[in-house]
Amino acid sequence: MDDARDLRSATSPAEPTVTPGVDPTLQVTGLSRRDLLRRGTGVVAGTALAAAGVAGAAAAPAPKRSAPAVLRQGAGEVVLYNWYANWINEVAPIFEQETGIKVTSLANYASNDEWWAKLNAGETWDFFIPTTDWVQRANAADLLTQLDLGLIPNSANIFPDYQNIAELRKDDKPTALPFTRVYYALTYNTEQFPTAPTSWEATWDPAHGGKLALQDQAYARVGIAALTLDDNPLEPQKMDEIKGRLMEQKPLVLNYWKDYQSGMQLFIDGGATVGQLTDGRTRMGKDLGAPIAWTIPQEGALLFIDNFAIPKDAPNAENGHRFIDFLLREDIMLRQMRGMRYDTVNAAAYAQLTPEEQAAFAAPEGAKLILTTDLKANVRKSIDDLWNEVKLS
Amino acid sequence: MATSTLGRRSAGTGAAPARRPPRGLPGWVAPVASIGVPVAVLVAFVLLPLVFVGVYSFYSLNEMSGLMQTDFWVGNYREVLSSDIYRRVLWRTFQIAGAATLLALVVAYPMAYALGALVDPRRQGVLVLLVIVPFWTSYIVRTFSWIGILQRDGFLQDALGWVPGLPTDLLYSRAAVLIGFVHVFLPLMILPIYASVRNLDRRLLEAAHDLGSPPWRTFLRVTLPLTLPGVVAGLVLFFIPCFGSFVTPQLLGGTGDLMMGNVIATQFGEAFNWPLGAALSIVMTLIVVVGLAIFFRFADVDQVYG
């Protein structure tokens, strides 16, 4: 296996330890939104909350459920809720044809907080795609079904080092299975950079002033600045120095982009020559004709993993397992790699790629990748404050 | 508040005669239904969600799990009120929303005046429809369209590149945010002013003219005061959505165009600090409500509404 795709080898010994899984014995008391609804606000309140969207969305812990996850008999249907619409919509008819199970897709979500709000409000479905830090939160709130890998034989296709990520387990059983990885990579214009820049310092180089495009995300900005200072990006200590670095960088920035489409567009025709984008969006932009490429600089890069999961109260949990197994099949995962262009942790799919395709997906040999996990609340707050200060300056 | 006052005024002039309740129904049904249904809708879709947001604003985060825990904690408000960061974000939000509102007034008043006073009344309906048509397109799509217009080598430069001094770097700037706001919410400013202009008593304008008043003085002494209710309503209706907006500064703004809406959105998404986001939302709501209350208390509303 390619070392670069091996999570353990990809992270250096000096790298900070990822945030450990949340203590399952944690007692969080009080009312969830579910409880609020149940305790007498009644139908009107429920309607109001459903309409309230963000305003009413609660992150309250779900009531503790002591019963083990028992798979219910499938009802001939699987209900999907996801943010990989292009791929899922393409392969769902194949699943229906092969299994006879009817696929129902809910509207897609654009960010993890959307499914979180709905799940806590009492909605449910059979399959969804949370990012690792949100899996940790869902595990802490006991919102996920513990997966029966006997029903998902294709889970063997996952790279071995991605099969036992602690953050994706609860009570030593998997609650989510990884399938794609996203690098917050250093993206550059190949006409301006005949050879790939080797350091994030390229994004502090005044020579590229007014041509920098960076993601408007506190944890990415602070994390990458921390990497340049040899600090821990998941629990930075050198906050004053990081702030100084970000202030120093700000005058060079063309735009802090918020959504990935805008970020990609900046590199295609928006005048950006270097900055931070995801590897997947860089590949997509290159497919569209932009002279761009991505690299993992020597300081390292943040790595995000998207996962398959099933809510605790899924009505057709068994069919949810079957759908996960179907998606982990190499030919189905290949459609994702060639369509949506995200890198996978699926060894069987990788084996199907040509050497050129593998090179386009693989991180550089020996690259330092830091798996981004849930940060402690006080760390999140201090990073968020720092980023707001930088933007206000 | 402004709209309800306006509503009461207009109801007095053009209200249809009260309908009799259908035979067989008790007499109290119609009034209860006519009042009860709107009240129920307001309670269900405005008041209760606000109450829940208020409740969440007193929750805290568990230090270990990061999850919200239900207690009664005023720390979020202490944080909001004591933090220099949020004060500065609030001030910047006022600056951006205020500038956009004034710019919209400058753009909307001539349009509304032309529409209500200069255009043949038989054609006004079509033109009013054209003012409203953009509302049928998604806010986000309309905002995205400005990226294509304002970006370097975009539509603006293609069309007007020959104009000397035309700025080429409008996108990702404060100016782009103001343009975006004015475009997106302009009908909210035009329509109330248009309604005021339509209700102008033409005889007063003719009298001013007959008494030798030049047009500019007639405008300042007659037209503007008489259309002030529409202007006030437009200012209020326009300012409030700008004040809470986050999409426009996010898509069009520069590196420093941070508004409170952006900060709140981040609390509910990336920061996973919903209690703080809820507290910020409540503070923003209170600022708007108290601001309106003070305005209508001291602005001599009766004078404004003639």
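Modeller: A polar contact is here a pair of N or O atoms within 3.5 Å, where within protein one must be able to donate a hydrogen and the other to accept it, and where residues adjacent in sequence count only if both atoms are side-chain atoms. The model is predicted, and by that rule seven residue pairs are in polar contact between domain 1 of chain A and domain 2 of chain A, both residues of each pair being at pLDDT 80 or more. On the side of domain 1 of chain A that touches domain 2 of chain A, α5 (132-140) and α13 (355-361) of chain A each supply at least two residues, and α5(A) gives the most, with four residues. The residues of that side divide into seven nonpolar, two polar and six charged. Two salt bridges are found across this interface; elsewhere in the description of chain A, the side chains of Asp374(A) and Arg137(A) meet in a salt bridge at 2.8 Å, N to O.

As for the domains themselves, the assignment gives domain 1 of chain A as 25-39 + 69-181 + 305-362 and domain 2 as 183-303 + 372-392, and their C-alpha centres lie 28 Å apart. In terms of contacts, 15 residues of domain 1 of chain A meet 13 residues of domain 2 of chain A. The two domains bury about 1200 Å² between them, with 49% of it on carbon and sulfur atoms, and in domain 1 of chain A the residues that lose the most area to domain 2 of chain A are Arg181(A), Arg341(A) and Tyr342(A), together 39% of what that side buries.

Key
Residues are numbered from 1 along each chain as its sequence is written. Chains are lettered from A and ligands numbered from 1 in the order in which they are written. This is a predicted model: local features need pLDDT of at least 70, side-chain atom pairs count only at pLDDT 80 or more; totals for chains, interfaces and linings use all residues. Side-chain values use heavy atoms; hydrogens and water are left out. Domain bounds come from an automatic or database domain assignment. Contact means heavy atoms within 4.5 Å. Buried area is the accessible area (1.4 Å probe) that two parts lose on being put together, summed over both. A salt bridge is a side-chain nitrogen of Lys or Arg within 4 Å of a carboxyl oxygen of Asp or Glu. Ala, Val, Leu, Ile, Met, Phe, Trp, Tyr, Cys and Pro count as nonpolar, Asp, Glu, Lys and Arg as charged, and the others, Gly among them, as polar.
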